[in-house]
Structure formats: C-alpha cells, structure tokens
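Me: I am new to this structure and would like to learn how to read it, one feature at a time. Please give the general idea first and then the case at hand.

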Amino acid sequence: MKKSWILIVSFLVVGLVFSPSAWCKSKTIKIGINAPMTGDIPKVGEGTKFAAQMWLEDINKAGGLKVGDKTYKVELVLEDNESKAESAVKAATKMIVEDEVLAIVGPQASKQAVPAGAVCNSYKTPMISPWSTNPDTTKDRPFVFRGCFLDPFQGPVLANFITQEFHFSKAAVLYDVASDYPKGLAEFFQEAWEKLHGAGSVVAYESFTTKDTDFSSQLTKIIRSGAEVLFTPQYYNEVALIVQQAHELGWNKPIVGSDSWGSAETVKLCGEDCYGLFFSTHYAAAGATGDTKAFIDRYNKTYGYVPDDVGALTWDSIRIVQTAIQNCGEITGKIEKDRQCVRDALAKIKEFDGITGKMTFTEEGDPLKCAVIVRISDKGEFEFYKSVCP
Amino acid sequence: MTFFFQNLINALQWGSFYALIALGYSMVYGVLMLFNFAHGDIFMVGAYIGFGVATGLVALSSMGALALPHWLILVLTILISMFLTSFVGMIVERVGYRPLRDAPRASAAITGLMIGIILETGNLALLGAQRISFPALVQSTTYNLGGVFVTNKKIMIVLVSIALMYALHLFVRKTRWGMAMRAMAFDYVVVPLLGVPINNIARMTFAIGSALAAVAGIFFGVAYPVLDPYMGIIFGWKAFVAAILGGRGSILGACLAGFLLGFIEIFVAMIFPSTLRDFIAYSIILLILTFRPHGFFGEPYSARLRL
C-alpha cells in the first residue's frame, strides 16, 4: 500500500517537472480552437480545423503576426469538445488555465458555446463563436463575441420566406428538445409564424431527444395535423433521417431547415430525398465572388471539397480576432492584461468586411448581417436562392 | 383509425429492433447468469460489418465481377455479417468473460461495459467520427393502403425478425444443442458433470446472440441509414430493459417485451406531447416491474430459469 502511494506521487512529480506550462513562459501568441472533432457533428470540427490551418499558413508565410512594431509567432491550440457541453467547458478551461491562450475561437454549436462562453467570461478570456446563433451565448458576457447572425433573426426570416414563397398558413415544427440551438430556433420560428398567421397556426409542435433515430410517431402526428410545411432546425445527421422517414410516411410537402443544414454532409447522407428543399444560412458557395470565391477555391484545392458555412465563418471569426490583436498595439506578455486589451479591441470593432458578408457589431458583441436562402439543387448542390437582410 | 394503424406499423418495426437485441441479453443471462453489457455495441459492430460487406458487394457487382441483383446482395450481406459478427461475440466471450467466470458478478458486468467502450472507441479510431451512410440495398417503395403508408422495408424487417425469433425458438426447443443450453440454464454446476461441454455452449450462445444483433444492425442501417459509433449505447440500454421486462432468460419474454417496448414508446408519443415520450414510457415500465419484479416470464428462483 505504502509503495503504491510513493509510486503515484513520484509519477505526479515527474509529470509536473516535465509539463512545459509549468516552466517556460511562452513568447508566442496562442489562440485556442474549441471544436467538435468527434461526437455528433465531426464534419463541423473538421471545417473549423481546416479554416484555422489555412489562416495559420497565411500568418506563417508572412513570418508571423505583426502587432505594433514587433512580430510574433502564432500557435494554434486545438482541443476536441466531443460535441458535448461538459467537454467544451473542460476544453475551454484547459486552454485558458494550462495553455494560456490569448483568445479562443469556438465552440461552434450553441449547445457547447453557451456553457463554454460562461467559462471564458468568468476567466476574462475573449472568446468568439463563429457559428453559434443562440442569443444566450453572448448575452451579458462582455468577453464573448460571435461571427454570425442570431436565431431571433433567423426565425422571422424563414417564416417570412415560407409565407411569401408558398403562401402557406399552417406549419409544423420538429426539433430536438435536448439541444440549445434547435430548441431556441423552434421557439423563435413558432413566435414569428404565429405573429403572421395568428395563434394556433403552428398546428404541430413536436420534439425528440438527441440520439433518437425513429421519428415515425412524431411525423405521423404532423401529417395528421394537416400542416402544409415542416420546419426542422436540426443538424445534418438527423436531417437525413427525418426527411427520408417523412417521405416514407407519405409526406410530399416542402421541408424547410436552418443554417445547421449547411454542411457538406447533408446531401451525402440524405441523397435524393433532400433535393429541392430550402434552408437559411450564412453564405452560399455556388455563385460566390471576390474574396469569398478566393477562399472557396483555395479550400477546395487543399482539402478536396467546397467549404461549408462553418469553414467560412471560422475564417471570418479568426480574422476578427487577428484584427483585434493588431489593434491592441502591444502584447506585453502578461496574459491577463493582454486578454483585457484584446477584448476591448474586439468590442471597438464596429464594421468588418468578411467573406460571409459585411457585418456591423451591436453592443452585445453580435453582428448584424444578411441571411441567405439556399435551395438544394437537383444535383445536390447548395444553390443561392435569395438574400434576406435585416 | 388510419392514424392508429399507421402507428401500429411504426411500432412493429421499432419493436423488432428491441426484440432482436433483447434476445442476445436474455440468452446469455439464461446460460451464464451474467448480463453482457457489451451487447449494444456488438449490435453497432454488426451494423458496421454489414456496411462493409454491403459496400464491398455493391462495388463488386458494379464493376461487373459479380452481377448480383440487389435483393441477393442484401441476403448475402445478412448471412456474411451474421457469420462475421458471431466471431466478434465469441472473441468477447473468450477474452472478456471466460477468465472471469468465477469472479464476482459485478466484475463480469464491468467487463461488459469496458468491452463496450473498447468497441466504440476502437471503431472511432479505425473509421473516424464521420457518420456513415448505409448503402441503399432496398429501393424503398411506399404502398398507400387506404391512408396507411407502408414501405417494403418495414414489411421485410418485421417479417424476417419474427421468422428469426421463431427459428431460434425451434432451435432451443428441438435440438440437442438447444437442450444443452436449457440444461445449463437449469443447473450450472451439475450439467458439466454429465459431459456437456459448457465452454462450447457458452461460446455458441454468444455467437447466436451476436448474429441476431448483426441482423438488427443491418436492418437498422436499411431503415435509418446513418451509422455512428455510439449508436449502440442507448439502444443497448433500452433492449436490456426489454430483456428484464420479458423475464431474465426467457426467449418468448424477450421477444414480446421488445415489441411491447416499441409499442409503448410509439403510442405514448401518439397520445402525449412527444417531449414527454421516454419519461412516460419508462414510468409505465417501472410500474409494470413494481408489480411483476421478475418480468412477464421470469421465475422467482434464479437457479431455475426458462430458456
């Protein structure tokens, strides 16, 4: 018994001696990436990683990041949040405390971004979530920012679009009640729809929980309710199952989704069942011009597929962070002071011209930008359909 | 009325999966008196093996090496995957359970959990976290029977599952091997003295259970064509509930309870708000177990279990 104690303690001591963070203060700028590399939405993690790597390539090519009159090396610290809320919190804490990152990009999904944002805010570390559209992520958190529009904006955009495009008045909603993003968006959509068509015009409001694969009873109820359109703000793995099962149960009316559909995986998993459906998103790859096109081409050349919205938003977000660091003017090496400086610089950015459109920032740290309605073409490509601005 | 029948058909399909998986739990418990908690993950492995075999066969036939119609590919996929997955089950038994057969039951249960985690993370390491889309072996055709929508897939899944369960029932009742299994379930100590090779019987039990899980996995891929490495966990838990509800060690019980579980889940969502589905469904099951603690067909004496 005594021996094993000695063994354990000596291991711990050895670990402490050799862990790099205990000894050397870094001279480089570290930026944390909090991404879902495994778990429910690994494709989102991959897009995040690739976009961040492309950015780092540019920085390295220029010899480092120039702040004031000094040039710093940049290091990316990538942590996997397994697409879980608790792992995202753990990853954020580790990067802040152990790796001493200057700022964190991510997590992407609201389910992880909301709790991770609380951690970053309490440790006074700037965080920017490229993809989280839930208002709670940045609400009352001076240190948390985002690179995309919000659910309260996306809900009315979709409700208006469906009304104008199809002239429907009865809608059904199917969403995951255990996940922040779909739940929030389902509520905002319901609110906007009932404002347009009166109370009770959302004739079926059905839910399930994460990891469910069979939606037959919910869809049977939706079909019986006489709804004319189904709105389902789900992630790509569930979209494929919902759309296919709806068709198998005899549903042949439109199904509309939100920006979480905009992954390269959606069409791959869903196949022909998804052709002709609409969703709202941050940008459309087909028909892009200028900087957006340059980014898409470069990404496609390096990684072999057209980047989805996560890649583009991560690119914009990490460049917003870069701008803030440079606006800061000076990196002192005292991590708390530098973090405060980066946060202040982030809050001061009023306008940013990104590849996902021009954005202006509000007091809360949220950008105002346009949404895009995309149609999945008969070849399975994301086609620009129309643009909706606030 | 069509609403009711539509849900009835939904429930039959959903219950088939629970029943097929619950059988594996139940048989192993009957013979070895332990719960194989890795069984849900064997179901997952079965689905992935099915994916590999199906993809291989589709590739072969599209290259022209083997001109096979799709239904034959499906049959071959099922048979080959059953065969391969049964080896996974036998390896799990040999590596995970046989060394611990005389250890406390808790240790054996923990082994199951660990093997489950090893299978999940092993798959993650091997194939990555990417969702895999199961090849469409069955061209989905939807029949409209007076407002009730049925697909050919659903009919096939339900019928083949029931046929397999009946075949298993015959095997256990009518063959010498089945008799040996029943004998082992009856008395674990005396049976070896009568010359029954208990290691072989244990291995066979795992093989059959895993083969059934493989069928469930392939059907799952046909019905819900998105596979992920963690798909077996919750499914395994729920099928485990079905095995307990049916009565530990009872084949008929596991089948009926599997279907019952499917029915409860679907019909609860039909009547109540779907948010409360699992809450209400599993409260009902808890109530049933309060009044029938040994399940429907279980016997109060753990030494005398029906198989």
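Me: How far apart do the C-alpha centres of domain 1 and domain 2 of chain A lie?
Reply: Domain bounds come from an automatic or database domain assignment. In chain A, that assignment gives domain 1 (27-148 + 290-369) and domain 2 (151-281). Their C-alpha centres lie 30 Å apart. This is a predicted model, in which local features need pLDDT of at least 70 and side-chain atom pairs count only at pLDDT 80 or more, while totals for chains, interfaces and linings use all residues. Residues are numbered from 1 along each chain as its sequence is written, and chains are lettered from A and ligands numbered from 1 in the order in which they are written.

Me: How many residues of domain 1 of chain A are in contact with domain 2 of chain A?
Reply: Two residues are in contact if their C-beta atoms, placed from the backbone, lie within 7 Å. Here 15 residues of domain 1 of chain A are in contact with 15 residues of domain 2 of chain A. Helices (H or I, at least four residues) and strands (E, at least two) are DSSP runs, numbered from the N terminus. On the side of domain 1 of chain A that touches domain 2 of chain A, helix H3 (42-61) and H5 of chain A are the elements that give two or more residues. H5(A) gives the most to that side, with 3 residues.

Me: What classes do the residues on that side of domain 1 of chain A fall into?
Reply: Ala, Val, Leu, Ile, Met, Phe, Trp, Tyr, Cys and Pro count as nonpolar, Asp, Glu, Lys and Arg as charged, and the others, Gly among them, as polar. By class, the side of domain 1 of chain A that touches domain 2 of chain A has 7 nonpolar, 3 polar and 5 charged residues.

Me: Which residues have the most contacts inside the largest nonpolar core?
Reply: A nonpolar core is a set of buried Ala, Val, Leu, Ile, Met, Phe, Trp, Tyr and Cys residues joined through C-beta atoms within 7 Å. A residue is buried if 20 or more other C-beta atoms lie within 10 Å of its own, exposed if 12 or fewer, and partly exposed in between, with C-beta atoms placed from the backbone. The largest core has 208 residues, and B:Ala22, B:Leu23 and B:Val215 have the most contacts inside it. Helix H1 (residues 2-32) of chain B gives the most to this core, with 17 residues. Domain 1 and domain 2 of chain A both give residues to this core, so it lies between them. Leaving aside neighbours within four places in sequence, B:Val215 is in contact with B:Leu20, B:Ile78, B:Met82 and B:Leu164.

Me: Where is there a cis peptide bond, and which residues have a positive phi?
Reply: Most residues other than glycine have a negative phi, and most peptide bonds are trans. A cis peptide bond joins A:Gly106 and A:Pro107, with omega about -5°. A:Pro107 has its place in the loop between strand E5 (103-105) and helix H5 (110-122) of chain A. Phi of A:Asp140 is near 55°, a positive value, and A:His167 has a positive phi of about 55°. A:Asp140 lies in the loop between strand E6 (127-129) and strand E7 (144-146) of chain A. A:His167 is found in the loop between helix H6 (151-166) and strand E8 (171-176) of chain A.

Me: Are A:Asp140 and A:His167 buried or exposed?
Reply: A:Asp140 has 8 C-beta neighbours inside 10 Å, so it counts as exposed. A:His167 has 8 C-beta neighbours inside 10 Å and counts as exposed.

Me: In what order do the strands E13, E14 and E15 of chain A lie in their open sheet?
Reply: Strands of a sheet pair through backbone hydrogen bonds, either parallel or antiparallel. Two strands pair if DSSP finds at least two bridges between them. This open sheet of 3 strands has the order E13-E14-E15 (chain A), with antiparallel pairing. Strand E13 (351-354) and strand E15 (367-368) of chain A are the edge strands, each pairing on one side only. E13(A) and strand E14 (residues 357-361) of chain A pair over 4 bridges. The bridge partner of A:Phe352 in E14(A) is A:Met359.
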